[in-house]
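Let's take a walk through this structure together. Have a look at it first, and then read on.

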Amino acid sequence: MFDDFFIRALVAGIGVAFVTGPLGCFVIWRRLSYFGDTLAHSALLGVTLAFTMEFNIAISVFVISSMIALILIQLQKKTNLPGDALLGLLAHSSLAVGLVVIGFLTFIRFDIMGLLFGDILAVSVNDLLIIWIGGALILLVLKLIWKPLFASTVNYELAEAEGLNPDRAKAIFTILMAAIIAISIKMVGLLLITGMLIIPAAMARNLSSSPQSMVIYSIIGGLLSVIIGLFTSLEFNTSSGPSIITAALLLFILSLFKIKQSIKLKN
Amino acid sequence: MSSDQNILVKLNEAGLFINDKWLVKGVSLQVEKGKIVTLIGPNGSGKSTTAKIALGIYKKIDGSVEKYTSKVGYVPQKISIDWTLPLRVNDFMVLTESLNKETIDEALSLTGVIHLKDKNLGDLSGGEFQRVLLARAISKKPDLLVLDEPVQGVDFTGEIALYELIKKISDELNCGILLISHDLHTVMTATDHVVCLNGHVCCSGSPMDVAKNNEYKALFGEQASQILSRYEHKHDHIHTDEGEIKKN
């Protein structure tokens, strides 16, 4: 059944959507869009590392992204630069270094476009295993840290005062972000991963009145985007990443017609 | 003071030094089961900071905090909730602890906001939100309640009712309460122990003792001390800058 590349892509995409749904909600709630972007850009370095050392791409991307996250936390402590400047610094420099390293790797044929924008042809049975097992692990850990993470997202001091250890939850969440980027890089491509996290969740915000319903709508939005996007990609021979994100955008635009009244009143 | 096992939280010479200045310094106090300890003092005197030190929110403090319970309910003075979060009152109630429906309903009824249960948190008025905050803090039946100006923005009759409720909760749950309040009248009638802050502990003791204290009078004025005073008190002296008393 997994012989067909399209079935493999579909199964992979569905696996990714189940994980990006809930994580994407937290990315929006905690205002981490640019943080996600930075990790994704640094993934290029991870990919080149994987090629030079002949190592698994997902694992090396995970390691490099986690390291970048750690460096960011250190820089935040030690410099006086604002957060967004540090994010930009890390995002663009890691992307640049990654591209320079690729330039040196003349002995390997690189599909840069596939790397940046996703390539459904590249999804192997091995990748499926990584996506589904890795994805299940990410969701399990997210469920375990849900209460402290969510409580501290609402109000850090309340969570801290009432003994929920929000700092630990935040650190674990950062690792989960690196992990989702690692497993979804082949599907969506590193330039568009954050879109997969944010757009379905943004659509869900327009439709929901509670955190749980937002997570569910976000998953549904992600699944629909993947399915619609992949069929379009097959039909018109477009890159899988941009097709999926465009489908997500269309769903978001549709959701604008159903914005909950209370949000309108607030803004 | 009662025996040590009743102590819920104890501050020993605690202080916080941030950005080259002391927010509060050398505060020693303890909250025991069934007792209400109230912090009073002017704006910027370090009341909220002291409460946060007691809660363990600040890590790098001077002195020490001993906390003997993890069942804590907290009503912060300021709470800013990001409206990118879709959050109903009901979701907010179970924020830090899972509660069953009866417990949630009971707490919301006690503070008079059960009818708002399914409303979006962002749509509440200041007073309504304050009642929800209090309901959330008491619903988990904590050992220690820290209430930082819990009735701000609540209407006059509601204010009295909520203070009565706080007193009742303290008795029923036998929990200790650390209360911050500007309402000296309430403070002086419903409190077991008063700590008067002004960057440091000005004076502390029973409401009676504090009301008679000269530093308290200097901080809050003669009117404030007369809230409790049973005697006619004639102002026959003035305070020097050092806080000493000089006869007219």
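This is a predicted model: local features need pLDDT of at least 70, side-chain atom pairs count only at pLDDT 80 or more; totals for chains, interfaces and linings use all residues.

Residues are numbered from 1 along each chain as its sequence is written, and chains are lettered from A and ligands numbered from 1 in the order in which they are written.

Start where the chains meet: 22 residues of chain B are in contact with 21 residues of chain A (C-beta atoms, placed from the backbone, within 7 Å). On chain B's side, that makes 13 nonpolar, 5 polar and 4 charged residues. Here Ala, Val, Leu, Ile, Met, Phe, Trp, Tyr, Cys and Pro count as nonpolar, Asp, Glu, Lys and Arg as charged, and the others, Gly among them, as polar.

Now for a sheet in chain B. Three strands line up as β2-β1-β4, antiparallel and open. Strands are DSSP runs of E, at least two residues, and helices are runs of H or I, at least four, numbered from the N terminus; strands pair if DSSP finds at least two bridges between them. β2 (21-32) and β4 (62-67) of chain B each have a single partner strand, so one side of each has no neighbour in the sheet. Between β1 (residues 7-18) and β4 of chain B there are 5 bridges, and B:Gly15 has B:Asp62 in β4(B) as its bridge partner.

Across β1, β2 and β4 of chain B lies helix α1 (residues 47-55), at about 120° to β1(B) (axes are lines fitted to C-alpha atoms, for helices over the stretch in contact, with angles from 0 to 180 degrees between N-to-C directions).

Methods
Two residues are in contact if their C-beta atoms, placed from the backbone, lie within 7 Å.
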